[in-house]
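Please look through the two chains shown here. A short report on their build is set out after them.

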Amino acid sequence: MSHPPILTVSGAKHAFVTRQVLRGVDLSVSAGEIYALLGPNGAGKTTLLRAICGRLRLKEGEVRLAGQDPWSVPAARAGLGLVPQDLALYPHMTVRENLQTFARLSLVKGPEIEATITRAMALTRTADRAHVPVKHLSGGYQRRVNIAAAILHEPKVLILDEPTVGVDVDAREAVDNVIRGLRDIGVAVLLTTHDLEQADGLADRVGFMREGRMMLEGSPRDLITHAFGEDMEILVHLVQEPDTGGEIRLAAEGLNKSSGNLWVKLDPGGYAAAGKLDTRLRKLGLTPREIRVRQPSLQNLFTLIADRKVAI
Amino acid sequence: MVMMSLAMFRVMLLELWRDRAAMAMSFLLPPLVFLIFSSVFSGTTGEDVKLKVAIADDANTPASARLVAAVLASPDLRAYAAKGDDAEGVRRAVRTGKADAGLVIRADPAAAGHPLLIISDPSRAVAAPLTQARVQQVLGKLLPDVMLKRTLDQIEPALGEFTAEQKVNAADSESVTAEDAKAGRPTPDGNMFDREDIQGAQKGGGTIAYYAGAVTILFAMFSAMQGALSLMDERRSGISDRLLAGVAGMGPVVFGKFIFLASQCMAQAAAIFITADLVYGTPVFSHFAAWAATTIFASVCASGLALGIVSLCRTRDQAQMISTFLILILAAVGGSMVPRFLMPPLLQQIGLLTPHAWVIEAYQSVLWRDAGYNSVYLSWAVLGGAGLTGLAIAWLTARYIRR
């Protein structure tokens, strides 16, 4: 991190009646950084975001946005942009009309509105659809306009709640590029996602939350290296699903069933180990259609955390 | 085929059973509306209508005092002594809508001609004949001697002066008639009424003003509720979350909606009253300032209440159900469907809790009865207060909403 944190959360604790949803969370995001907040449903991510947005007063701990508390100092929220999970736009209005509306509601001054809209559309690559009603846009464009509406007032911190939920791979890539572009101009980005592949490829740092706690935090590569060392992930795609005897033999080879006839293992031997495994499986009458070798991903780490196999 | 149909029947049944809003709309609203209408229309036969009648005694004779006392005590009327106890006080009470009709005792009830004057508002067409009938009942039952004296006084000039013996007999007859009345035996009566419509009255125009007001507030509430539902769409889509994370918050959104909805209500009212003016000659333009002020207060009320009510709901479905429920019930109780003076007294009192009653009353006062600003200040205050309270609720609630 080259910049000091612009958003910090320290010792955040919160409970709804008797249900403790945050149990002492620390988090910081710097300018020009993308931080992905991960975790299963009920982990406390939404409550944490609400506290950061000044919508909720923590029972304990504090949130600081450029040094100010967004709950007690509403002006602090001027530096914050929120991209909600759903399409927070007026679908019957065009892209430009939506942006004009949200610019006014974001207190952008009248003479600056057009320049601000042009800038936001350029950053989100939506200018070519400026006069199309939002409801007629593709899912990917809608998602980008959703982001454009949140950056009109040039926030220092942008929060994205599941920004690509329900969109296809191409649209997700387009949204990811927009987020990278915002990072590159110095915006601190905090996003929540269930898409671990997206977090892996996009985030400078990730935080795993579970049961109101930050279980693990760091750069994706560092976390993966820390958890898996030199291990590589070997994926075996069998020609046909094995019978019970076959499953026992696969398990004996250290392979775990992923889905259907896809079996997975971690092995420091990498490609050499994969070659040997191919030979042994064929001898056992378990013909692989394909064997792939790749670096372990956040998905593997997430599975380990979920299974509580990683020491925190 | 039967089993498949039954399966679908079960789906529909469970859907209804588990949807409290639909259950309420299906089984609670209809009987409630029925109760309101049945209680209104069962009163319109004339038997149960209890009109509010202002009385003044200009005659000040023993018989007129007896009549006043009897009318005030009549269980079939809600009679009261008019302010000032004179004809002008009665006219004012009718013009301002405080009384459904008025009774002025101009001369001794036993006197010849039309000693009793009924003052009425033609927009309440049945009020005058009903009042007359009630007073006549009172005279026949409780003051038959006065009626007989009046008859004898009318006969005497035609036949020549009664002899002393005839005069004694007549006096005896009056006593007997009075005793018959006390004992509940039949007694003679006679027509002694004159009628007067309040000034400015134009046949049928009052009814038009009434219905123009009734339809205006009915549609104002309907369209304001529909418009206010967009608050729910903004919660659901996350627009509220987006704005609440900013500096401005939801305040400008709520206020912007309020201004729009109020403007929409005003435009609707203008369309209705311009039509009334063109087709029926309802005097909108000659009373423009008072009409415009009433329209503004009615629109503020409808818009503010709609936003306040919707903001207190948790879901769009809930808001939709409650708004439909309220639009119908408030319109029925408030007099948008049936004039309130035909309703039972309790329902009339309850009607004062609705904006409809105040809006209708205000429009009638300014456009029909020409009652002046003093008669509508209270209506304006109630409407404005209700609307601003609703707006304040919406404003405050918007700050704390959760999806």
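The report takes the chains in turn, then their contact.

## Chain A overall

This is a predicted model. Chain A has 312 residues, and 40% of them count as buried. Its secondary structure consists of 10 helices and 13 strands. Along the principal axes, the C-alpha trace spans about 75 × 45 × 40 Å.

Take the contacts in chain A with a separation of 6 or more: 70% of them join residues 24 or more positions apart.

## A sheet in chain A

In chain A, 3 strands make up an open sheet. Their order is 2-1-4, and the pairing is antiparallel. Strand 2 (19–30) and strand 4 (60–65) of chain A are at the edges. Each has a single partner strand, so one side of each is left without a neighbour in the sheet. On average, neighbouring strands of this sheet are turned by 15° against each other, direction ignored.

Strand 1 (residues 5–16) of chain A pairs with strand 2 of chain A over 9 bridges, in the antiparallel sense. K13(A) stands opposite R23(A), which belongs to strand 2 of chain A. Helix 1 (residues 45–52) of chain A lies across strand 1, strand 2 and strand 4 of chain A. Helix 1 of chain A runs at about 120° to strand 1 of chain A.

## Chain B overall

Chain B has 403 residues, of which 45% count as buried. Here the secondary structure comes to 16 helices and 5 strands. For chain B, 78% of the contacts with a separation of 6 or more link residues 24 or more positions apart.

Chain B is also divided in its assignment, into domain 1 (44–197) and domain 2 (203–400). Taken over C-alpha atoms, 42 Å separate the centres of domain 1 and domain 2 of chain B. In the contact between them, domain 1 of chain B supplies 15 residues and domain 2 of chain B supplies 17 residues. The domain 1 side of that contact in chain B divides into 4 nonpolar, 4 polar and 7 charged residues.

## Helix 5 of chain B

How does the span of helix 5 (residues 127–142) of chain B agree with 1.5 Å a residue? The helix has 16 residues, which should span 22 Å. Its end C-alpha atoms are 22 Å apart, so the two values agree.

Several residues of helix 5 of chain B are buried, including A127(B), A128(B), L130(B), V135(B), V138(B), L139(B) and L142(B). The buried residues of this helix also include T131(B), Q132(B) and R134(B).

## G249 in chain B

G249(B) is in the loop between helix 10 (239–244) and helix 11 (251–280) of chain B.

Leaving out residues up to four places away in sequence, G249(B) touches L243(B), L244(B) and R399(B). G249(B) and R399(B) are 150 residues apart in sequence. In space, their C-alpha atoms are 7.2 Å apart.

## Where the chains meet

The contact between the chains takes 18 residues from chain A and 12 residues from chain B. On the chain A side, 13 residues are nonpolar, 2 are polar and 3 are charged.

Note on methods
Residues numbered from 1 in each chain as written. Chains lettered and ligands numbered in written order. Predicted model: local features only at pLDDT ≥ 70, side-chain atom pairs only at ≥ 80, totals over all residues. Contact = placed C-beta atoms within 7 Å. Nonpolar A, V, L, I, M, F, W, Y, C, P; charged D, E, K, R; others polar. Pairing = 2+ DSSP bridges. Helix = DSSP H or I, 4+ residues; strand = E, 2+ residues; numbered from the N terminus. Axes fitted to C-alpha atoms, helices over the stretch in contact; angles between N-to-C directions. Buried ≥ 20, exposed ≤ 12 C-beta atoms within 10 Å, placed from the backbone. Domains from an automatic or database assignment. Expected span 1.5 Å × (residues − 1).
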